[in-house]
Amino acid sequence: MAIRTILTQGDPALSKMCHPVTRFDEKLANLLDDLKETLDNAKGMGLAAPQVGILRRAVIVVLEDNSMLELVNPEILAQEGEQAGWEGCLSLPGMWGNVKRPAWVRVRAQNRRGEWFEVEGTDLTARCFCHELGHLDGQMYDELTDRLYTSEELDEILSREEDE
């Protein structure tokens with residue numbers, strides 16, 4: 001396992017469509033292991049293969065119990081409701097945006113052995129599924145928000161909201 005470099009906004013890999021995974025082999029297992037280690041090291045909630053320069057449809061999402069879920073060739077099957085909330089991204093360090101996402105999402109994906117499964121998520125997990133799957137299509141969350149805020153600006157906004 002290895003910690004990989006996380007690409008930041010402006011890198012061309014972040015705006016490209018990813019290719020489906022067709023070989024479920026040691027190379028894929030190594031990529032998934034590296035994504036997990038890189039995500040853990042960065043203290044993030046999710047990481048997609050294109051964020052480390054690999055244009056394959058593979059992501060890791062941290063679930064509510066803090067376990068990491070591997071999603072290979074994921075697709076959203078269904079979604080309901082709406083939530084608005086603050087999002088950040090390891091590829092846009094120190095920046096935040098208020099983004100509307102579904103409140104509930106069902107995803108179909110494969111595991112590292114190629115076996116299909118379905119998983120559902122609400123709230124933060126649904127947000128993470130949508131955010132990470134967006135990366136696989138070359139989309140970043142800043143395209144879905146009116147403006148980006150620095151960490152300091154976000155702290156100030158959250159502090160004001162607490163005082164109200």
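From the N terminus on, the elements of the protein follow the order α-β-β-β-β-β-β-β-α-β-α, which comes to three helices and eight strands. Helices (H or I, at least four residues) and strands (E, at least two) are DSSP runs, numbered from the N terminus. The model is a predicted one, in which local features need pLDDT of at least 70 and side-chain atom pairs count only at pLDDT 80 or more, while totals for chains, interfaces and linings use all residues. Residues are numbered from 1 along each chain as its sequence is written, and side-chain values use heavy atoms, leaving out hydrogens and water.

The overall dimensions come next. The C-alpha trace spans about 55 × 30 × 25 Å along its principal axes. For 164 residues, a compact globule would have a radius of gyration near 15 Å, and the 16 Å of the protein agrees with this. That radius is taken over C-alpha atoms, and the globule rule is 2.2 Å times the number of residues to the power 0.38. Of the 164 residues, 43% count as buried; buried means under 20% relative accessible area, exposed over 50%, and partly exposed in between (1.4 Å probe, protein chains only).

The strands can now be taken sheet by sheet. Two strands pair if DSSP finds at least two bridges between them. An open sheet of five strands has the order 1-2-3-6-7, with antiparallel pairing. Its edge strands are strand 1 (46-48) and strand 7, each of which pairs on one side only. The twist averages 40 degrees from one strand to the next; angles run from 0 to 180 degrees between N-to-C directions, and axes are lines fitted to C-alpha atoms, for helices over the stretch in contact.

Within this sheet, strand 3 and strand 6 run antiparallel and are joined by six bridges. Glu-75 has Arg-108 in strand 6 as its bridge partner. Helix 2 packs on the sheet and touches strand 1, strand 2, strand 3, strand 6 and strand 7; its direction makes about 125 degrees with that of strand 7. Seven bridges join strand 6 to strand 7 (residues 116-122), again antiparallel. These two strands form a hairpin with five residues between them, and Gly-114 in the turn has a positive phi of about 90 degrees.

Another open sheet has three strands in the order 4-5-8, with antiparallel pairing. Here the edge strands are strand 4 (83-89) and strand 8 (149-150), each pairing on one side only. Two bridges join strand 5 (residues 92-101) to strand 8, and Met-95 stands opposite Thr-150 in strand 8. Helix 2 packs on this sheet as well, touching strand 4 and strand 5.

What lies in the interior? A nonpolar core is a set of buried Ala, Val, Leu, Ile, Met, Phe, Trp, Tyr and Cys residues joined through side-chain atoms within 4.5 Å. The largest one has 16 residues, of which Val-59, Val-61, Leu-71, Val-105, Val-119 and Phe-129 touch the most other members. Strand 2 (58-62), strand 3 (68-80), strand 6 (104-110) and helix 2 (123-136) each give two or more residues to this core, and helix 2 gives the most, with six. A second, separate core of 13 residues includes Leu-35, Leu-39, Leu-47 and Ile-60.

Helix 2 also holds Arg-127. Is Arg-127 buried or exposed? Arg-127 is buried, because its relative accessible area is 5%. Leaving aside neighbours within four places in sequence, its contacts (heavy atoms within 4.5 Å) include Trp-86, Glu-87 and Arg-101.
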